[in-house]
Structure formats: structure tokens, C-alpha cells
Amino acid sequence: MATKNPYQSYQANSVQTASPGELTLMLYNGCLKFIKLARKAIEEKNVEERNTNLVKAQKIIQELMVTLNMDYEVAKHMMTMYDYIYRRLVEANIKNDVAILDEVEGYVTEFRDTWKQVIQLNRQRQYAQGGQV
């Protein structure tokens, strides 16, 4: 049996041991990665790569949508934003439009940065209470 690529092993382990908050952060980062790759593909006039990466970004947004707990008012607002982002990603793919990607990237970056702050504040709170991080 061949040994796995060490990087692939690390990636798989980091996903398997991540908290739900860290997994959400990984989704945001993945979405941003695919948006950037799609932008590059548009600039290079590579239709197949553009489509592949935008579909991946769309799937991440769909995953974020299904994980929302709709018992909270904030989740309803996030669902509206996720729906908007999803529709704009589809539109960017159809229209081959980098400006739409710039707009969507801004929203996803804001979500990611806010989520990162929430994780950090939660860790600080746990540490201050003497709990494990």
C-alpha cells in the first residue's frame, strides 16, 4: 500500500479534527480561493476553468446555506446574503464578469474576517474561564 502524500494527510487530518467554527472558516477560505481561480481563468479566457471554479464556489455557498440554524434571526439575514452571493456567482459565470467576482469576493471576505474574529473571541473567553481551547 502506497503512503499518502504528506500534504494530503495533513489536510485530511485538519478537517477531521477541526471544530464546527473552524470548518466554517475553511469553507469561506475555500470559496475565496475558487473565486480567485475563476478570476484568473476569466483573464486567461479559460472557460472550462472558470466554470469549474465558480461551480465549486457555488457549492460552498450552498453548504453554508444548509448549515444555518434558522431558529436565529441572524441566520435568516445570512441566508438572504448567501442566496444573493450564490445568484451573483451564477451570473458571473454566465456573463464572464470579473466585476461581479470582485463584489462577491468582498462579501465573502467580510464574512470570513468576522467569523475569524468570533473564533478568536470564543477562544479568549474559554481561556479566561480556564477551559480548554
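**Exercise 1.** Work out how α4 and α5 pack in this predicted model, starting from the handedness with which α4 passes α5.

*Solution.* Start with the handedness: the crossing of α4 past α5 is left-handed. Next, get the geometry. The axes of α4 (residues 73-95) and α5 (residues 98-128) come within 9 Å of each other, crossing at roughly 150 degrees. Anything over 145 degrees counts as roughly antiparallel, so α4 runs roughly antiparallel to α5.

Now list who does the touching. On the α4 side you'll find M78, M81, Y82, Y84, I85, R88, L89, E91 and A92. From α5 come I100, L101, E103, V104, Y107, V108 and F111.

**Exercise 2.** Decide whether Q58 is buried or exposed, and find which residues it touches.

*Solution.* First place the residue: Q58 sits in helix α3 (residues 47-66). Its relative accessibility is 9%, and the cut-off for buried is under 20%, so Q58 counts as buried. Then look for partners, skipping anything up to four places away in sequence: Q58 touches Y86, L89, V90 and N93. L89 also turns up in the contact of α4 with α5.

**Exercise 3.** Check the span of α2 against the one expected at 1.5 Å a residue, then find which residue just after α2 has a positive phi.

*Solution.* Helix α2 covers residues 20-43, 24 residues in total. From first C-alpha to last, α2 reaches 35 Å, close to the expected 34 Å.

Methods: Residues are numbered from 1 along each chain as its sequence is written. This is a predicted model: local features need pLDDT of at least 70, side-chain atom pairs count only at pLDDT 80 or more; totals for chains, interfaces and linings use all residues. Side-chain values use heavy atoms; hydrogens and water are left out. Helices (H or I, at least four residues) and strands (E, at least two) are DSSP runs, numbered from the N terminus. The expected span of a helix is 1.5 Å times one less than its number of residues. Axes are lines fitted to C-alpha atoms, for helices over the stretch in contact, and angles run from 0 to 180 degrees between N-to-C directions. Angles under 35 degrees count as roughly parallel, over 145 as roughly antiparallel, 65 to 115 as roughly perpendicular and the rest as oblique. A crossing is left-handed if the near helix is turned anticlockwise from the far one by less than a right angle, and right-handed if clockwise. Contact means heavy atoms within 4.5 Å. Buried means under 20% relative accessible area, exposed over 50%, partly exposed in between (1.4 Å probe, protein chains only).
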